[in-house]
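I opened the file to look up a few placements, helix lengths and ring pairs. My entries follow in the order in which I checked them.

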Amino acid sequence: MPSHALKRSTLLALCACVLVAQSMVAAINLLIPQLASSSLHPSPTEILWTVDAYVIAFAGLLVPAGALGDRYGRKGALLTGLGLFAAGAATSAFAPGPAVLIAGRGLSGAGAALITPATMSILVHLAGPERRAQAMASWTLALGLGGLAGNLGGGLVGQFLTWRALFGAMVPLAALLAVAVTLTTPRTDRSPHADPDPLGTLLLTAGLVAVLFGIIEGPGHGWGSPRILGAFGAGALLIGLFTALALRSSAPLFDPRVFRSPRLRATSLGLTTGFFGLFALFFVNSQYLQAVKGYGPAVTGLAIVPLITGMAVVPKLAARWSAHPRPVIGGGLALIGLGLLGASTADAGTPYAVYACWLFVISAGTGLSMPALTLGVVTSLPHHQAGLGSGLGTSAREIGAALGVAVTGTVLAGHTGFTAGMGPALRTVAVLVLAATALVVTGLREPSRPAPATTDARPPAREPVA
């Protein structure tokens, strides 16, 4: 498809979709105190699942959603995802009890799993090689701004409105985005593979959900508890069964041999590493600003705005250096680690301006490395598997985010009080980020073998007209 097919209106519509989907990961965190005292009277476990249901459904379904979008139509997958997202938000907004609220969150997460890979895949197809780096920079910026918008929106809602208003606002917003996508976004070529793989989809999804459950619940139940070990064991078994099935199938959900590519392995680890550090910061940021600095929810949401600066400015520069991924990726991830080390020195007496400087360093590192990492994952796979590449990349991000929260929470739990634990927690995460950065840069040195060719040589099919 010619590169001029990517119009500004299409780019804005697709980036708006991914921004809204990502924002609901973080927005609920600042509403936990209000939700806990609401008329629903949720238990601590129900509050935890209200937060986690979205993330587990979102991350667990990303790879199947990306692959299915490639096969059956990316625009259709995107519009379906927006519909599920809106239905889940409406369910949550009018929930009479915690169980319905949790179900609504899970339904919205499933919608987000369709939205995110479809948006990137459409951009990859419409941008063409010469504009792909700039398109990925814009998409990555939208992803980062989604986390910030969630913090800001959750804070403002918590300060001035009720938690139901947050979910209620998502319904007309999703409808507006669906109209924008319908009017601005053309249909793209589908993958030639049309054979469904329901068993493989079930095995992979269940395996990822089990692993994510173990990561998210690990700090609360203990990493050595039977429940967590059982979750990890079940996840490993299910993913192993999926791998065995896919290697023997003539039309698998995706071919696990794509991970023979050193470039794909390195860039996937890089995405996990970046979001591991970023969400560790998000986890402690609201607690630090509210419990230690004494800020209200709205001010707390605004206080993370310095993270916008680097994410907004640096990707434009990073796109110019897309031909040199190793220094861009290595430098960006190193800045995230160094920024976390700086933020670990913050305490009650630290001026906000100093803390904001460390936020900017982390922001610059994120803006520098994420577009190149995202492009690296997508271009490691055949062109017709862009949706799968997006699903793999976003799964790596969400797993990194879950690990960042889990590791930070575990270190905090080992200290008496948040103030005593914040510094050691961020330093632990920073050291892990810097160590993983060395592995990523080393992996990028190796020559990348091309991804295995698909067995079906049929030409791409056009998406059916609705």
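T408 comes first: I find it in helix α15, residues 386-413. Helices here are DSSP runs of H or I with at least four residues, strands are runs of E with at least two, and both are numbered from the N terminus. T408 counts as buried because its relative accessibility is 0%; buried means under 20% relative accessible area, exposed over 50%, and partly exposed in between, with a 1.4 Å probe and protein chains only. Beyond four places in sequence, I list A280, F283, V284, A425 and V429 as contacts of T408, a contact being heavy atoms within 4.5 Å.

I note the ground rules here: this is a predicted model, in which local features need pLDDT of at least 70 and side-chain atom pairs count only at pLDDT 80 or more, while totals for chains, interfaces and linings use all residues. Residues are numbered from 1 along each chain as its sequence is written, and side-chain values use heavy atoms, with hydrogens and water left out.

Next, confidence. pLDDT is the predictor's confidence in each residue, from 0 to 100. The chain has a mean of 79, with 86% of its residues at 70 or more. Over residues 447-466 pLDDT stays under 50, although the model has 45 contacts there beyond four places in sequence. Where pLDDT is low, predicted coordinates should not be read in detail.

Of its 466 residues, 57% count as buried.

I then checked helix lengths. The expected span is 1.5 Å times one less than the number of residues. Helix α8 (residues 198-221) has 24 residues and should span 34 Å; its end C-alpha atoms are 33 Å apart, which agrees. α8 bends by about 30° at I215, with P219 following within four residues; the bend is the angle between axes fitted to the seven residues ending there and the seven starting there. Just after α8, G222 has a positive phi of about 95°.

Last, aromatic pairs: I count five. W223 and F232 are stacked, because their ring centres are 6.4 Å apart and their planes at 10°. Pairs need centres within 6.5 Å, using the six-membered ring of Trp; planes under 30 degrees apart are stacked, over 60 edge-to-face, the rest tilted. Y288 and Y355 make a tilted pair, at 4.9 Å between centres and 45° between planes. Y288 is in helix α10 (residues 262-292) and Y355 in helix α14 (residues 352-379), so the pair ties together parts 67 residues apart in sequence.
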